[in-house]
Amino acid sequence: MAKSQENNGKPISPFAVKDCALVAIATGKKAQNLRELRDKLSQIHAGSIYYHFWGGMLRLQFDEPEYNNDFSAWAQNGLHDSCLAERWGAIVPSEYDDLEKLRQELIEVIEERLDESEFVPWSKTDKQFHFIRSQIVVYDTHHEIHHFRELAEVFPTLSLGSVFYHFIDAQRRYPVGQDDFRTWLSELGNGYDDLIGQLAEVDPYFASLSELRLRLTNIFTNYNNKRTKK
Amino acid sequence: MKSSLDAYAKITGKEVIDQLYQMASTLRGIKVVHVNSTKEGGGVAEILNRLIPLKKELGIDVSWEVLQGNDEFYKCTKTFHNALQGNRVNASEAMLKTYLEVNAENAENLRTKLEEADVVFIHDPQPAALLKMCPNRRGKWIWRCHIDVSRTYRPVWKYLRPFLVDYDASIFSLAAFAQALPHLQYIIPPSIDPISKKNIDLPEKEIKAIYDQFNLDPGRPMILQVSRYDRFKDPIGVIEAYKLARKFSPLQLVLVGGGATDDPEGALFIEEVRAAAGDDPDIHVLLLPPDAHHTINALQRAADIILQKSTKEGFGLTVTEGMWKGKPVIGGHTGGIRLQVVDHHTGFLVSTPEGAALRIRYLLYHRDKLDEMGIKAKQFVLENFLLTRHLREYLTLMIGLIHGAGERIEIG
């Protein structure tokens with residue numbers, strides 16, 4: 001194992017690898033048309049908004065997601081309203097400080113669409129939107145990363161739950177919009193701006209978690225190789 | 001001795017198994033009991049047959065109890081089953097009396113064990129009344145519903161609901177099946193076991209041997225439906241689809257079913273299926289014993305296309321099995337089939353025999369599409385429908401319930 005890192009002589013805490021698992025819970029709330037969705041959305045448990053934006057990555061899904069959140073997918077496949085699907089699809093959840101602000105943005109888009117529409121978009125009974133929330137169990141793997149060089153070695157062995165927790169889930173924890181790796185690398189000093197920049201450019205919403213794991217592994221490996229050559 | 005979890009690691013990756021061990025370590029010392037109504041036949045028994053040993057291997061103290069019933073009881077629970085899937089059928093007073101009597105008798109035998117358990121999983125309606133008969137229970141009780149209850153026949157649901165409301169949680173395969181119940185309703189789709197006899201890779205020689213065994217022609221395409229002989233599985237619709245498609249392509253159809261001890265209607269219905277098949281030598285209506293896993297595995301691998309033309313389906317494990325063998329599936333546009341068959345990607349969803357026939361013809365004509373969909377189907381199962389995912393969600397649920405059912409639980 002590489003020696004622990006220091007920043008200006010001060011030891012830096014190692015990166016504690018956590019893991020998580022998610023199970024979906026039906027809320028019993030569903031909507032068959034857009035107005036009904038707006039009304040339910042305004043009252044639904046915030047955990048449900050989390051699930052429909054982020055949680056989906058840890059549940060079963062087909063590997064070619066066309067939309068990056070469940071609301072967009074329903075607008076297209078249930079309501080057949082591509083305009084709404086595109087507008088919801090453009091929402092970047094990590095740009096909102098909390099789930100309440102994200103909820104308001106979703107509702108804003110609905111209001112705008114309802115104003116434009118001559119009728120309320122509706123779906124067939126078997127294509128209703130079911131509000132789901134989740135329960136997440138987070139636990140410590142008791143594995144620590146002491147040096148940035150270890151990231152490339154450790155990353156391929158991480159569970160998808162760990163990838164989700166540190167890269168996706170982290171974006172709604174403090175500091176909002178940032179994954180845990182960037183937060184840790186920032187604590188190491190200024191020498192990692194390039195790597196932090198590369199991580200910031202990863203769009204996690206259209207890849208499966210295994211693809212994401214592979215992509216991040218490549219970033220860490222290439223970075224190590226470059227630093228070695230220098 | 002190598003554990004079977006090591007064998008899974010070769011398929012899923014070691015990190016998946018490590019995660020299971022870590023989660024299970026937080027559940028050491030608890031007692032878990034599963035109760036269902038049959039030891040073999042049907043998807044529920046198959047899942048439990050694989051899930052229970054794995055939970056034990058993870059160090060969890062788990063046992064499996066099977067309800068002891070009689071013919072009248074199974075007639076009643078089959079009526080429940082049909083009604084919960086939407087048939088307008090009622091159980092007679094005599095049947096309901098038997099339902100309660102059988103549950104009471106079983107409660108007598110199982111009470112101590114059930115009342116002492118930390119977590120009890122009750123599968124489907126057959127043993128659902130046990131909870132009311134265990135007043136000193138101390139653990140969490142979970143009702144696991146494997147049936148498509150999206151459009152129940154309300155009088156039967158109304159009868160069963162009072163037995164369910166006191167459970168701590170229920171589990172459904174799809175969000176669309178969730179009901180108005182005053183407790184947490186988890187969504188956990190079932191799974192298949194990739195290293196079981198039914199799903200493990202087979203040598204080519206064994207797959208080829210199946211042609212001789214059932215007098216099939218290796219030179220012509222074969223389509224296959226594996227399902228209990230049950231009206232909801234629509235084997236007669238499959239025969240109609242075959243007859244329509246055969247006009248355009250040489251074809252043979254194999255229907256495979258078996259009996260389950262808790263399904264009294266199967267033996268009668270198979271005669272209707274045989275009558276629909278008539279004397280066509282290319283329709284093979286097979287009745288196999290419940291342990292014919294190896295034969296079914298070989299048939300699925302020998303088939304060109306898998307059908308599951310159900311009109312109601314809780315999940316459809318035979319769909320998963322077919323996809324795992326790299327075959328596209330033509331499935332009924334219903335229940336859990338819709339979760340697995342991604343239309344135009346892993347197969348096709350159809351609503352009529354005509355629709356099924358059209359898709360059979362399409363796939364036999366476009367063999368490249370057939371192969372491409374098969375590859376996608378297998379990958380989809382690998383990532384989503386293997387036993388390891390199912391087990392992880394059960395562990396998450398148990399940890400969640402034991403730690404107070406909050407949205408986010410941090411342990412260890």
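**Notebook: confidence, domains and a sheet**

I started with confidence in chain A of this predicted model: strand β2 (residues 10-11) of chain A comes out lowest, at a mean pLDDT of 65, while helix α1 (residues 34-41) of chain A is highest, at 98. For chain A I noted a mean pLDDT of 89, with 92% of its residues at 70 or more.

Next I turned to chain B and its domains. The domain assignment gives me domain 1 (4-191 + 386-402) and domain 2 (204-384) of chain B. I found their C-alpha centres 28 Å apart. In the contact, I counted 24 residues from domain 1 of chain B and 23 residues from domain 2 of chain B. On the domain 1 side, α3 (43-57) and α4 (71-84) of chain B each give at least two residues, and α4(B) has the largest share, with five residues. I sorted the residues of that side into six nonpolar, eleven polar and seven charged.

Then I traced a sheet in chain B. Its six strands run β9-β8-β7-β10-β11-β12, open and with parallel pairing. I see β9 (283-287) and β12 (347-350) of chain B at the edges with a single partner strand each, so one side of each has no neighbour in the sheet.

My last entry is helix α13 (residues 353-365) of chain B, which lies across β7, β10, β11 (329-332) and β12 of chain B and runs at about 165° to β12(B).

Notes: Residues numbered from 1 in each chain as written. Chains lettered and ligands numbered in written order. Predicted model: local features only at pLDDT ≥ 70, side-chain atom pairs only at ≥ 80, totals over all residues. pLDDT = per-residue confidence, 0-100. Helix = DSSP H or I, 4+ residues; strand = E, 2+ residues; numbered from the N terminus. Domains from an automatic or database assignment. Contact = placed C-beta atoms within 7 Å. Nonpolar A, V, L, I, M, F, W, Y, C, P; charged D, E, K, R; others polar. Pairing = 2+ DSSP bridges. Axes fitted to C-alpha atoms, helices over the stretch in contact; angles between N-to-C directions.
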